[in-house]
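Here is a short report on a protein model. Look over the sequence and structure first.

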Amino acid sequence: MIVPWSQEWAEPVRELLRACLGPDTMQLDGELWRWQYELNPWAGGSVPVGVFGDEPEALGMLGRIPVRLATPSGELDAAWGIDVQVHPDFQNAGIGGLLISDWDAATAVSLSLGVTDMAFEVFLASGRTHVGDVPVYKRLISWDKLVEPRLGTGLTALIVEKLLGSWGARTLDRSAHTPGLAWETPEEIGPEFDALWERAAPRLGLAARRDAAYLDWRFRRYPQDVFDVFAVRRGGELVGWAVTTLGRRGGKLIGFLADVLWTDEASLAFALAFATYELEARGADVVECLASHPAVGRTLRRMGFWRRPTRTRLLYKANRPEAEAALADARRLERWHVTYADSDALTVILHEGG
């Protein structure tokens, strides 16, 4: 039986997570759970987790991250699906399918990003559309630190990336010194960020609403103080922002361009350039950005970032007639604005060291 999460299911769900993921999994972090499920401004005060319960045991769970999905015809209720778990003793018993059906019934649009091979097949069978794999853009910073481990394996590709970085340095520097634009750390995320979203949204196509409430929750209220939010201003007016963080992967310090919002090409280029310089100043060996929007990709490539394919699959399912109409053009990846902010990949890296 599928039931909504309530406090009485807290310990059974923890036991389920231990059985599926082990005693040290980050999903057992109480602060992370509270931020992810309880503080989300679009959760409406509830905990958006479906539990397959056979009292007193929890045999399966599926978490949801509610968002407002902006489309050309208006906003829709939507939810990213995460943390799909089924007890090892009850695999292939149909529990996963029931949890997915419960998720679909609860929201107008079901969204998935970066799913495993097994989940990918299940999601396709449940009627989801695979939009494409979101690419990542990378720029090398510490050449000496990176080249030695790659000698004899992929050295040619590494040299190409280094040359691209050198070629893009002029564009990077020019963008970071665009006349009339200034860079600051905002003291608070207030109404001007709502106004910026309203101006920026029409150029994004399909994107989770990135207003003040979302920005404050996603980055300022994160359990760890690891994200830096930077505002871009023109004559005192907010015209864009970028978010950065640092994480370790394979012994290297990776600088992440976690998210970006812009009103025009100049503010986008300025935000990405200054964010890159900021991460370089903090010691990043590589700077990378997960991005589906073509404007972000074009700008990063001009700055010497190397486009790399990933297995970060983007899928969606329209569950109501109004959603089907609004998502008529959603099958093309370039219609979406998806970044690391929409993925739980950074959460894994920041909590488990990659």
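Asp 83 sits in strand 4, residues 74-86. The model is predicted. Asp 83 is not a glycine, yet its phi is positive, at about 55 degrees. Its relative accessibility is 13%, so Asp 83 counts as buried, the limit being under 20%.

Asn 92 also has a positive phi, of about 60 degrees, and is not a glycine. Asn 92 lies in the loop between strand 4 and helix 3 (95-106). Asn 92 is exposed, with a relative accessible area of 81%.

## A cis peptide bond

Glu 55 and Pro 56 are joined by a cis peptide bond, with omega about 5 degrees. Pro 56 belongs to the loop between strand 2 (49-54) and strand 3 (57-71). Most peptide bonds are trans, and most residues other than glycine have a negative phi.

## Nonpolar cores

The largest nonpolar core holds 109 residues. Among those with the most contacts inside it are Trp 5, Val 13, Leu 257 and Trp 336. Beyond its neighbours within four places in sequence, Val 13 touches Trp 5, Trp 33, Val 51, Ala 58 and Met 61.

A second, separate core has 13 residues, including Leu 59, Ala 79, Trp 103 and Phe 120.

## Helix 9 against helix 10

Helix 9 (residues 265-281) packs on helix 10 (residues 294-302) at about 55 degrees, with the axes 10 Å apart. That angle makes helix 9 oblique to helix 10. The crossing is right-handed.

From helix 9, Leu 268, Ala 269 and Leu 272 meet Ala 295, Val 296, Thr 299 and Leu 300 of helix 10. By class, this contact has 6 nonpolar residues, 1 polar and no charged.

Note on methods:
Residues numbered from 1 in each chain as written. Predicted model: local features only at pLDDT ≥ 70, side-chain atom pairs only at ≥ 80, totals over all residues. Heavy atoms only, no water. Core = buried A, V, L, I, M, F, W, Y, C linked by side-chain atoms within 4.5 Å. Buried < 20%, exposed > 50% of the residue type's maximum accessible area, 1.4 Å probe, protein only. Contact = heavy atoms within 4.5 Å. Axes fitted to C-alpha atoms, helices over the stretch in contact; angles between N-to-C directions. Helix = DSSP H or I, 4+ residues; strand = E, 2+ residues; numbered from the N terminus. Parallel < 35°, antiparallel > 145°, perpendicular 65-115°, else oblique. Left-handed = near helix turned anticlockwise from the far one by under 90°. Nonpolar A, V, L, I, M, F, W, Y, C, P; charged D, E, K, R; others polar.
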